[in-house]
Amino acid sequence: MQAFTLHTGLVAPMDRANVDTDAIIPKQFLKSIARSGFGPNLFDEWRYLDKGEPGQDAALRKPNPDFVLNQARYKGASVLLCRQNFGCGSSREHAPWALEQFGFRALIAPSYADIFFNNCFKNGILPIVLPEGQVSRLFDEVAAFPGYRLTIDLPRQVVVKPDGEEIPFEVQAFRKYCLVNGFDDIGLTLRHADKIRAFEAERLAKMPWLAKTQLG
């Protein structure tokens with residue numbers, strides 16, 4: 001998992017409340033057994049005028065010119081500004097996969113659905129919670145200033161605006177530790193790889209009949 005420490009990125013505004021995970025990555029794209037390739041279908045039903053299906057060439061599809069992420073001023077955005085209850089609906093982990101593979105490193109919203117919030121941390125995305133009034137002011141500033149960028153300093157737990165104003169945010173210490181170090185659940189386990197190998201070797205020495213079981 002890619003570590004998150006200090007990130008500066010263009011901000012795109014998703015000015016809709018209660019955006020659910022089926023809007024983030026529609027159900028037909030969950031057929032894939034791979035964990036990659038979801039970026040082109042992020043917000044598929046909103047980004048395109050034609051119906052999307054797995055395996056389509058996105059370059060041949062009809063983009064919706066009114067959708068925010070298709071507007072030139074937000075091309076390359078890596079910070080998504082959202083309204084309340086972002087990521088509600090089903091618990092599909094494909095939603096943060098699609099956001100991350102599209103290029104988003106951080107989200108800012110007044111609130112998130114719990115499972116989606118947890119899945120973001122497990123996949124290298126920082127979901128920041130700020131008061132609704134502060135989020136609304138950010139929406140106004142993004143609309144007023146093309147090229148609006150924010151710097152997110154996770155070690156210091158602040159969002160830095162273009163004028164230098166710092167907005168503090170809270171993050172649970174363990175989640176912060178994992179993001180700063182780039183540890184997903186597998187990475188956390190592999191920190192103890194030497195101990196795991198030593199345990200397996202010792203167990204096999206004491207119970208050699210397990211070797212046949214392990215080999216099938």
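**Whole chain.** Start with everything shown as a cartoon; this is a predicted model. Nine helices and seven strands make up the secondary structure of the protein. Turn to the C-alpha trace, which spans about 70 × 40 × 25 Å along its principal axes. Of the contacts with a separation of 6 or more, 63% are between residues 24 or more positions apart.

**Surface and charge.** The accessible area of the protein is about 11500 Å², and carbon and sulfur atoms contribute 55% of that. Colouring by burial marks 44% of the 216 residues as buried. Then select the charged side chains: 26 are positive and 25 negative, and the centres of the two sets lie 5 Å apart.

**Arg73.** Now select Arg73, in the loop between α2 (44-47) and β2 (79-82).

**Neighbours of Arg73.** Show the side chain of Tyr74 as well; a polar contact of 3.4 Å joins it to the side chain of Arg73. Leaving aside residues up to four places away in sequence, Arg73 touches Leu10, Val142, Ala143, Phe145 and Pro146.

**A last distance.** Finally, draw a line from the C-alpha atom of Arg73 to that of Ala59. These residues are 14 positions apart along the chain, and their C-alpha atoms are separated by 19 Å.

Note on methods: Residues are numbered from 1 along each chain as its sequence is written. This is a predicted model: local features need pLDDT of at least 70, side-chain atom pairs count only at pLDDT 80 or more; totals for chains, interfaces and linings use all residues. Side-chain values use heavy atoms; hydrogens and water are left out. Helices (H or I, at least four residues) and strands (E, at least two) are DSSP runs, numbered from the N terminus. Buried means under 20% relative accessible area, exposed over 50%, partly exposed in between (1.4 Å probe, protein chains only). Contact means heavy atoms within 4.5 Å. Accessible areas come from the Shrake-Rupley method with a 1.4 Å probe; for residues, only the protein chains shown count as cover. Lys and Arg count as positive and Asp and Glu as negative; His and the chain ends are not counted. The place of a charge is taken as NZ of Lys, CZ of Arg, CG of Asp or CD of Glu. A polar contact is a pair of N or O atoms within 3.5 Å; within protein, one must be able to donate a hydrogen and the other to accept it, and residues adjacent in sequence count only if both atoms are side-chain atoms.
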